Amino acid sequence: MAETRPLPSVNQFNQLLSRVVNLKQYPVAIRLFKDVCRIGVSVNEYTMTIAINSFCLSSRVDYGFSVLALFFKRCFVPNSVTFNTLLKGLFREDRVTEAQELFRKIVREGLCDLDVVTYGTVIDGLCKAGNTAVAVELLRVMEKGECKPNIHIYTMIIDCLCKNGMIDSALKLFDEMPEKSITPDVFTYSALVHGLCDLSRWREVKMLLKEMSDCKIYPNVVTFNTVVDALCKEGLVDEADDVVHIMKQKNVVPNVVSYNALMDGYCLQGRMNEARNIFDSMSSKNIAPNVRSYTILINGYCKKTMTDDAVHLFREMPNRGLKPNLVTYNSLLHGLFRGGRCSCALKLFDELQAAGLKPDFYTYCNLLDGLCSNGDVEEALSLLNALENKGEHLHIGYYGIIIDGLCKAKKLDAARDIFNDLPCKGLKRNVVIYNIMINGCCQNELLEEAKDILLKMERDSLSPDGVTYNCIVQGNLKSGKYEDAAQFLEEMVSKGFSPDSSTFSLMLDLLGTNEHEPTIFKMIQTFAPTSLKTKTMS
């Protein structure tokens with residue numbers, strides 16, 4: 001086109017640019033725009049808006065503002081579409097404050113007519129950034145102005161409130177809608193259903209679904225999937241299966257998300273045969289299992305130590321044209337280590353890297369914990385040292401795993417050295433790390449050292465939690481230090497914590513085994529949870 005004489009019109013170039021952008025070839029669109037300007041085509045505001053959009057979608061919003069300067073240089077007036085594109089670009093790059101400032105400038109200087117799309121762009125960006133309160137304020141401004149909010153604006157804010165656990169505020173806003181002559185749609189109801197399901201408010205979910213039916217608004221596949229997924233996570237997989245049957249009766253076709261949720265529900269209950277039946281039935285329904293489908297089933301098999309089935313399924317994925325993702329690899333890594341297959345797990349880790357995937361926090365946790373759990377603490381230490389030498393950002397959790405592994409291997413000196421060296425590495429010891437070290441000392445009958453670490457913990461401005469006290473109480477009970485155990489129990493309860501089931505079971509096991517039975521029985525009567533005391537007395 002550039003070599004054609006006379007040159008094609010700007011409208012033809014605009015059509016070409018639009019098609020390239022629709023194909024998501026943003027760098028190509030940017031090059032085309034630059035070429036068009038270079039060869040002397042007189043671009044218009046539409047051309048420049050396409051260029052701004054391409055820069056914004058390439059996460060280069062600053063260049064988008066450079067194109068905006070061309071508007072004024074060429075005496076064009078940018079419209080709301082142009083500014084909406086820039087606002088969206090700023091929010092896309094998490095530059096929320098700058099987006100808010102641009103919006104205020106548009107309003108203050110009247111740079112363009114504000115329409116519902118402009119408000120919607122800002123409200124959507126604020127909601128995604130978690131600035132719900134500001135989004136609601138902007139909604140109230142709209143309600144008082146000439147540009148009134150529509151159903152999409154209300155639904156955006158209701159959805160945001162629900163996702164932030166503010167379901168009562170969402171319901172209150174929902175109740176306001178009829179007064180504003182705004183009729184909720186299936187998306188509004190779906191957002192509320194999701195929020196209520198997240199909080200297990202099932203009675204209200206049923207009421208809302210009935211209200212939808214009464215209003216002739218029919219749940220779509222997203223609405224049903226929300227309910228199915230929530231029920232499965234609550235352990236109500238049979239009820240979730242019933243919902244899938246209702247979907248079919250309502251002529252709503254379950255999709256891969258529906259069946260993945262059901263599979264996950266069965267896997268969470270260890271009902272692997274039923275999960276596999278769901279997986280196998282998908283093909284007969286012309287639904288292709290996706291990477292998540294495989295990952296759910298692989299994870300389920302691993303948790304049931306059915307590692308061979310998990311590996312077989314993993315190896316099947318490439319034959320289906322699917323590439324395992326990092327979550328898939330992490331699930332199988334955990335399963336292989338749990339099954340004692342360390343060499344296979346390490347080979348899988350090599351495969352993961354060869355596939356171009358970057359190990360994350362969970363990958364390294366699986367590796368370190370897997371090696372420690374299988375008695376190879378030295379190999380785990382070597383891995384941690386290698387990560388340190390690579391200059392990787394090291395998480396305090398990695399050191400917690402190693403310290404725990406060393407304590408269990410009765411290598412307290414090495415564990416102590418790593419624990420004491422953490423501040424030198426720029427890592428702040430947290431309650432979890434202190435608990436691991438205290439537990440290690442207690443397990444190795446170093447009760448005085450455990451007490452010293454507890455004091456050091458408090459000097460570090462960290463408050464002991466229920467885990468801290470249960471560890472130190474159990475350590476004293478196992479070592480026959482019953483008076484000290486009673487003292488720590490008293491301190492625990494005074495700080496609002498209770499003995500856990502392991503501590504209580506240990507006290508029960510000690511009854512009738514030695515001359516200190518009255519002391520132990522008194523501890524049970526004084527400190528055990530009411531429900532457990534009742535069982536003991538009976």
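Reply: Start with Phe361, which is partly exposed at 28% relative accessibility. The term covers the range between buried, under 20% relative accessible area, and exposed, over 50%, with a 1.4 Å probe and protein chains only. A word on the basis: this is a predicted model, in which local features need pLDDT of at least 70 and side-chain atom pairs count only at pLDDT 80 or more, while totals for chains, interfaces and linings use all residues. Residues are numbered from 1 along each chain as its sequence is written, and side-chain values use heavy atoms, with hydrogens and water left out.

Now the pairs. The whole structure holds eleven aromatic pairs. Rings of Phe, Tyr and Trp (its six-membered ring) pair if their centres lie within 6.5 Å; planes under 30 degrees apart count as stacked, over 60 as edge-to-face and the rest as tilted. Phe361 and Tyr398 make a stacked pair. Their centres are 5.6 Å apart, with 20° between the planes. Phe361 belongs to helix α21 (residues 361-373) and Tyr398 to helix α23 (residues 396-408), so this pair ties together parts that are 37 residues apart in sequence. Helices are DSSP runs (H or I, at least four residues), as are strands (E, at least two), numbered from the N terminus. Tyr398 is buried, at a relative accessible area of 5%.

Another pair is tilted: the rings of Tyr469 and Phe497 have centres 6.2 Å apart and planes at 35°. Tyr469 lies in helix α27, whereas Phe497 is in the loop between α28 (482-494) and α29 (501-510), so the pair ties together parts that are 28 residues apart in sequence. Tyr469 is buried, at 0% relative accessibility. Phe497 is partly exposed, at 27%.

Arg429 lies over the face of Phe419, 4.8 Å from the ring centre. The charged end of Arg60 sits over the ring of Tyr63, at 4.7 Å from its centre.

Last, two serines. Ser59 is not a glycine, yet has a positive phi of about 60°. Ser59 is in the loop between α3 (45-57) and α4 (61-73), and is partly exposed at 44%. Ser461 also has a positive phi, near 60°. Ser461 lies in the loop between α26 (447-459) and α27 (466-478). Ser461 is exposed, with a relative accessible area of 66%.

Methods:
Lys NZ or Arg CZ within 6 Å of the ring centre and 35° of its normal.
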